[in-house]
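Please keep the view open as you read.

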Amino acid sequence: MKTTRRFYIVNEFDRPDKQFICERAGDLLYYFSEYLRLRFPKGFTLERATPVEEFGFDITAVGKGLFKFEKVRSSTATYRDGKPRQWQGDESFTLK
């Protein structure tokens, strides 16, 4: 089942790969990685955040708190200057 949760890469500083994925909670984003979430507990605003789907991913809930990410199309993500922004990590993975 495709998830209704939204996952993002926070800004242009973070490399677009699975370790930097954030999950939206209300108006803030929190790193999905426990290590990064503990380092940045206050979260981030949605300003300059890019939905993971724009990098070409379908995201599916496959269990309680488990999500499958599959890159199934070309990236449409861009930098602020309009240049293409490509995914830099694995193209198929799960996160919990």
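1. A word before we start: this is a predicted model. Side chains of opposite charge can pair when their charged atoms come close. In this structure there are 5 salt bridges, and three of them are walked through below.

2. Start with Arg6 and Glu53, whose side chains form a salt bridge at 3.6 Å, N to O. Arg6 sits in the segment before β1 (7–9), while Glu53 belongs to the loop between β5 (50–51) and β6 (57–63), so this pair ties together parts 47 residues apart in sequence. How accessible are the two partners? Arg6 is partly exposed, at a relative accessible area of 33%. Glu53 is partly exposed too, with a value of 24%.

3. Next, look at Arg80 and Glu12, another salt bridge, with an N to O distance of 3.8 Å. Arg80 is found in the loop between β7 (66–71) and β8 (92–95), and Glu12 in the loop between β1 and β2 (21–25); the pair therefore links parts that lie 68 residues apart in sequence. Arg80 counts as exposed, with 63% relative accessibility, whereas Glu12 is partly exposed at 29%.

4. Finally, turn to Arg15 and Asp17, a salt bridge in which the closest N and O atoms are 2.8 Å apart. Is Asp17 buried or exposed? Asp17 is buried, because its relative accessible area is 10% and buried means under 20%.

Terms used
Residues are numbered from 1 along each chain as its sequence is written. This is a predicted model: local features need pLDDT of at least 70, side-chain atom pairs count only at pLDDT 80 or more; totals for chains, interfaces and linings use all residues. Side-chain values use heavy atoms; hydrogens and water are left out. A salt bridge is a side-chain nitrogen of Lys or Arg within 4 Å of a carboxyl oxygen of Asp or Glu. Helices (H or I, at least four residues) and strands (E, at least two) are DSSP runs, numbered from the N terminus. Buried means under 20% relative accessible area, exposed over 50%, partly exposed in between (1.4 Å probe, protein chains only).
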